2 protein chains.
Amino acid sequence: MQKLTIIKIGGNIIDDEIKLSRFLQSYSLIVGAKILVHGGGKLSTTLSSKLGIETKLIDGRRITDSETLKVVSMVYAGWINKSMTAELNSLGVPSVGICGADGECIPALKRPVGEIDYGFVGDVQSNKINSAFFQLLLNNGFTPIVAPITSEAKQLLNTNADTIAGCLAVGLSKFYDIQLIYCFEKNGVLKDINNSDLVFETMDEKTYQTLKQTGSISHGMIPKLDNAFLSLHGGVKSVSIGIAENLTQLLNHQSGTEIVI
Amino acid sequence: MQKLTIIKIGGNIIDDEIKLSRFLQSYSLIVGAKILVHGGGKLSTTLSSKLGIETKLIDGRRITDSETLKVVSMVYAGWINKSMTAELNSLGVPSVGICGADGECIPALKRPVGEIDYGFVGDVQSNKINSAFFQLLLNNGFTPIVAPITSEAKQLLNTNADTIAGCLAVGLSKFYDIQLIYCFEKNGVLKDINNSDLVFETMDEKTYQTLKQTGSISHGMIPKLDNAFLSLHGGVKSVSIGIAENLTQLLNHQSGTEIVI
């Protein structure tokens, strides 16, 4: 099978023009079929605040009301997505900026209201990824740049970018040998959340469950690791987590934390 | 040759949820290959104003500074583009929301600074439309929904949607029999700018030049008509201008103003 590299880029690097440019430069050098999934950075929070839209958190989790949905759709699928797409095109990577609503490529369902009403948040229908749409772009030499907005019918939905990357990887694993890399601002899964130098070289499920129970895994790492294990069980060949600056080493398994089952 | 219908939708209808939904419903019924180009409505002006970004006009023309560029990219390529795309998908039209930066499909150049510095405004390189990219989508059953943002290398640029529609029509006229329709809130080219009931059934270049010289053509109509004549000279089969509510009649040449050379 053909190789497909899926990179998810998130964290503070999205807000740092120079670091992001350097990352995109490294990304442009990846040979073969590739997809870039991006998160949102802090711009949507800044914009909401400037517009006087209150950031609502319940149990530390952000609620997406209709005004917030508009802001994240604008910031993620508009400014960030198109800026990255233009920059990658200028670096010689023919790129197309999309979100999950385009070609209904990442169908989602509005999260059911349980104890918490998350508002306009989408849960990816992971078994319904429109692989034909991604193959159409990839087989014609285009790199999809994916913003974390999905849709259920005509309703746009705010969606976790880590989950999108994981679901895409699984959905496309029937057609490609997939290497999935979560890039962010840390060197990998930290051995000690207060020391960013020491990372696990590998992480298996048993260790993860133990560390999760003892609270030794940082909050932001949990969706990445949950999705990493789901991806490996779903047929993805290789998953790792590491720092965006080391993308080349991450691709060669010489940096970050390799997730294993 | 296969038929291709290119509709440009602009004006106040973009801001009117109910009218826009009705328009998209009619649009969804168009048989065969089609492209939708949309303008921006008033949301970007409202957003700029809420953010305290001054709308700069020189001789009545809007200047796009870097903050305004961010706003229009967010509003046009983010919220409006993805909302319309999701709605059309839900109406059974497989749609992909793009802007001119995607696949460098509508290459542009930053407008040179002359007497006026328009800022980050793009002039379409009309002879460089990436027709292969549009054909890829169209031939695979997708309808491109095009936001009026283009790029020169990595620089995003604010671009006139009427011009984009016209340039796309000309660029694709080698491959398709093209019907181009400019939809807005008026019934067509008005015989009297103070009376919205009477419209010209047809408009030829000589009449247009005369009316333009006497100031009898409204300001917003000029780019539509200029692009309409350019399109017809460039190989487009049919161009008309009319009210969005009458889309079906416009398609059948039973409403609006037919532009002729």
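1. In this predicted model, 34 residues of chain B are in contact with 34 residues of chain A, two residues being in contact if their C-beta atoms, placed from the backbone, lie within 7 Å. The elements that give two or more residues to the side of chain B that touches chain A are α3, β5, β9 (149-152) and β10 (155-158) of chain B, where helices (H or I, at least four residues) and strands (E, at least two) are DSSP runs numbered from the N terminus. The largest share, 14 residues, comes from α3(B).

2. By class, this side of chain B has 16 nonpolar, eleven polar and seven charged residues; Ala, Val, Leu, Ile, Met, Phe, Trp, Tyr, Cys and Pro count as nonpolar, Asp, Glu, Lys and Arg as charged, and the others, Gly among them, as polar.

3. Within chain B, an open sheet of eight strands has the order β5-β8-β2-β1-β11-β15-β16-β14, with mixed pairing; two strands pair if DSSP finds at least two bridges between them. At the edges stand β5 (95-99) and β14 (202-204) of chain B, each with a single partner strand, so one side of each is left without a neighbour in the sheet. The twist from one strand to the next averages 20 degrees.

4. Strands β1 (residues 2-9) and β11 (residues 176-184) of chain B run parallel and are joined by eight bridges, and B:K8 has B:Y182 as its bridge partner in β11(B).

5. Helix α1 (residues 17-28) of chain B packs on helix α3 (residues 66-90) of chain B at an angle of about 50 degrees, with their axes 10 Å apart; axes are lines fitted to C-alpha atoms, for helices over the stretch in contact, and angles run from 0 to 180 degrees between N-to-C directions. The contact is made by B:S21, B:L24 and B:S28 of α1(B) and B:M84, B:E87 and B:L88 of α3(B).

6. Residues are numbered from 1 along each chain as its sequence is written, and chains are lettered from A and ligands numbered from 1 in the order in which they are written. As this is a predicted model, local features need pLDDT of at least 70 and side-chain atom pairs count only at pLDDT 80 or more, whereas totals for chains, interfaces and linings use all residues.
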